[in-house]
Amino acid sequence: MTPNSDRTAGTDADPLPDTPEGSSTDIERRRPRSLIVSLFGSYARDVGGWIGVADLIALMAGLDVDGPAVRSAVSRLKRRGLLTPERLGGVAGYRLSDQGRRILAEGEQRIFGHRVARVQDGWVLVVFSVPESERRRRHALRAQLTRLGFGTTASGVWIAPAHLAEQARTALRDLGLEEHAELFHASYLDFRDLTASVSRWWDLPALQAMYQGFLDEHEPVATAWRRRGARAHQEPGLRAAAFADHLRAVDAWRRMPFLDPGLPPELLPDRWAGSRAARVFFELHALLRGPGLEHVRAAATLDPTTS
């Protein structure tokens, strides 16, 4: 098994509800769920933490998701323990569960506090050997390390920038696999060039393609909104469009900081698309979240803070 092939094992155990793996049909089926998770993560706190079902359906209609798809997605998210049903003033709605808030808080920290590593800070190694009798937990660990952005140097030996050491430790504890794994803080002393080694440990062409795909879809959107300027706040139709474009960008971007650990720039290929993609995402977030929030507030038929 080659290092990069080891990364594909156990993706079915990923604890996040919406992962990019799978067939195109699977991804389309998960898309409403993913958008709803992104909506709650981006806006729910600012409208009291609760969103009515009818309001949620109305908001998602602006992203071409129909009512039955919203209800099906919400039902799945409830079964996964991410959303909690709650009636306010006789109106059915949902708020994030404790688990949902924890997961989205982790995601927010990773998105907005994403660190770029320095070579001199070193690396963290996770070395594990999980017996066949614990096969499911072994798959879960591989999935979790992949989600944290670890690369593989060999089967059972995973590597990441040193700043991810505590997250790796937490993953091992959560899975109860401390006795089957060891953590090391390491410096690179091999005979090969470090840049060449990094290209073996991570699938950099796949990451480059991921970022380029984001740019292809969202860079023209950022250009268009840059031209509109303050008008986004002034017209209801533009506020609705800003909400939809912001949510699509957040939904596309929120997985990426989990797959890219923030490798030192000098170890990455020339014209690395990740840097430009990050600039586009943060520009869209700055331009569109404000008018998007105005649209969400206008769409809310019940204010839970006054109920």
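Mentor: Start with a rule for aromatic pairs: rings of Phe, Tyr and Trp (its six-membered ring) pair if their centres lie within 6.5 Å, with planes under 30 degrees apart counted as stacked, over 60 as edge-to-face and the rest as tilted. F112, Y211, F214, W253, W272, F281 and F282 form one aromatic cluster by that rule. Bear in mind that this is a predicted model, where local features need pLDDT of at least 70, side-chain atom pairs count only at pLDDT 80 or more, and totals for chains, interfaces and linings use all residues. Residues are numbered from 1 along each chain as its sequence is written, and side-chain values use heavy atoms, leaving out hydrogens and water.

Trainee: How many aromatic pairs does the rule give?

Mentor: The count is 12 aromatic pairs. One of them is F112 with F281, a tilted pair at 6.3 Å centre to centre and 40 degrees between the planes. F112 lies in helix α5 and F281 in helix α13, so this pair ties together parts 169 residues apart in sequence. Helices (H or I, at least four residues) and strands (E, at least two) are DSSP runs, numbered from the N terminus.

Trainee: F281, buried or exposed?

Mentor: F281 is buried, with a relative accessible area of 2%. F112 counts as partly exposed at 42%. Buried means under 20% relative accessible area, exposed over 50%, and partly exposed in between (1.4 Å probe, protein chains only).

Trainee: Which residues of α5 are buried?

Mentor: They are G100, I103, L104, G107, R110 and I111. Seen down the axis of α5, these fall within an arc of 115 degrees, so they line one face of the helix. The arc is taken from the directions from the helix axis to the C-beta atoms. As background, an α-helix has 3.6 residues a turn, so residues three or four places apart point the same way.

Trainee: Switching topic. How many salt bridges are there?

Mentor: A search of the whole structure finds 16. A salt bridge here is a side-chain nitrogen of Lys or Arg within 4 Å of a carboxyl oxygen of Asp or Glu. R289 and D46 form one, with their closest N and O atoms 2.3 Å apart. That pair links distant parts of the chain, 243 residues apart: R289 is in helix α13 (residues 273–299), and D46 is in the loop between α2 (24–43) and β1 (50–52). D46 is partly exposed, at 33% relative accessibility.

Trainee: What about R254 and D251?

Mentor: Their side chains meet in a salt bridge at 3.5 Å, N to O. Both R254 and D251 are buried. R31 is linked with D251 and R254 in a network of salt bridges.

Trainee: And what does S42 touch?

Mentor: S42, in helix α2, touches H246, L247, V250 and R289, leaving aside residues up to four places away in sequence. Contact means heavy atoms within 4.5 Å. S42 is buried, at 12% relative accessibility.

Trainee: Strands next. How do β5 and β6 run?

Mentor: Strand β5 (residues 151–154) and strand β6 (residues 157–161) run antiparallel, joined by 3 bridges. Two strands pair if DSSP finds at least two bridges between them. β5 and β6 form a hairpin with 2 residues between them, and G156 in the turn has a positive phi of about 80 degrees. A154 has V157 in β6 as its bridge partner.

Trainee: Where is I159, and is it buried or exposed?

Mentor: I159 is in strand β6 and is buried, at 4% relative accessibility. Among the residues that I159 touches are W123, F150, W201 and W202.
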